[in-house]
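Subject: Handing over the structure, with notes on what was found

Dear colleague,

Please find below the structure that I promised to pass on to you. Have a look at it before you read on, and then keep it open beside the notes that follow.

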Amino acid sequence: MKAWAKKQAIEGSIITFVADPRSVLTRALGLALVHEGPMSVLGNPRCQRFSMLLDDGVIKSINVAAAEDDPAGDARPEVACVDKMLEDIAVAAAAAA
């Protein structure tokens, strides 16, 4: 995670990368990727593609890219990408104002 964070140049930003090597958080959030199609290629347990906006430990939004016809979320990753997160941050800021 440190190497990925360094490559993405997030140091000093509001972004935090969090590892979940045993899928504890992934399972608690109900975001385990269990569909046999992607798992037959990936092997080890993974989480679904998602982004989450937290404020002081409270989930303000969670965006999951997976769909019934796309369990890995590959067809519409934008659901969990930066533009959606910026939208979520703006909504949260407006609600807090």
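A residue is called buried when its relative accessible area is under 20%, exposed when that area is over 50%, and partly exposed when it falls in between. Phe17, at 24% relative accessibility, therefore counts as partly exposed. Please keep in mind throughout that this is a predicted model.

Trp4 belongs to helix α1 (residues 2-8), whereas Phe17 sits in the loop between α1 and α2 (24-28), so the pair ties together parts that are 13 residues apart in sequence.

The loop between α1 and α2 also holds Ser23. Is Ser23 buried or exposed? Its relative accessibility is 7%, and because the limit for a buried residue is under 20%, Ser23 counts as buried. If you follow the chain from Ser23 to Pro45, you pass along 22 residues, and yet the C-alpha atoms of these two residues are separated by 7.3 Å.

Next, please turn to the strands. Strand β3 (residues 50-55) and strand β4 (residues 58-64) pair in the antiparallel sense, with 6 bridges between them. As one example of how they face each other, Met52 has Ile62 in β4 as its bridge partner. The hairpin that β3 and β4 form has 2 residues between the strands, and in this hairpin Asp56 takes a positive phi near 55°.

The largest pocket holds about 1,500 Å³ of space. Which elements supply the lining of the largest pocket? At least two residues come from each of α1, α2, β2 (46-47), β3 and α4 (82-96), and the largest share, 5 residues, comes from β3. Sorted by class, this lining has 25 nonpolar, 6 polar and 3 charged residues.

The second largest pocket has a volume of about 160 Å³. Its lining consists of Leu53, Leu54, Asp55, Lys60, Ile89, Ala92, Ala93, Ala95 and Ala96. Here β3 and α4 each supply at least two residues, and it is α4 that gives the most, with 5 residues. By class, the lining of the second largest pocket has 7 nonpolar and 2 charged residues, and no polar ones.

Finally, there are the charged side chains. Side chains of opposite charge can pair when their charged atoms come close. How many salt bridges does the structure hold? There are 3 salt bridges. One of them joins the side chains of Arg49 and Asp74, at 2.5 Å from N to O. This pair links distant parts of the chain, since Arg49 lies in the loop between β2 and β3 and Asp74 in the loop between β4 and α4, 25 residues apart. Arg49 has a relative accessibility of 35% and so counts as partly exposed.

Lys84 takes part in salt bridges with Glu87, where the closest N and O atoms are 3.5 Å apart, and with Asp88, where the closest N and O atoms are 2.8 Å apart. Because Asp88 and Lys84 are 4 residues apart in helix α4, they are separated by about one helical turn, and Salt bridges that share partners join Lys84, Glu87 and Asp88 into one network. Glu87 and Lys84, for their part, both lie in helix α4 with a spacing of 3 residues, which is again about one turn of the helix.

With best wishes,
A colleague

How values were computed. Residues numbered from 1 in each chain as written. Predicted model: local features only at pLDDT ≥ 70, side-chain atom pairs only at ≥ 80, totals over all residues. Heavy atoms only, no water. Buried < 20%, exposed > 50% of the residue type's maximum accessible area, 1.4 Å probe, protein only. Pairing = 2+ DSSP bridges. 1 Å grid on protein atoms, 1.4 Å probe; cavity = no way out; pocket = protein on both sides within 12 Å on 5 of 7 lines; lining within 4 Å. Points joined across faces, edges and corners; volume = space filled by probe spheres on them. Nonpolar A, V, L, I, M, F, W, Y, C, P; charged D, E, K, R; others polar. Salt bridge = Lys/Arg side-chain N within 4 Å of Asp/Glu carboxyl O.
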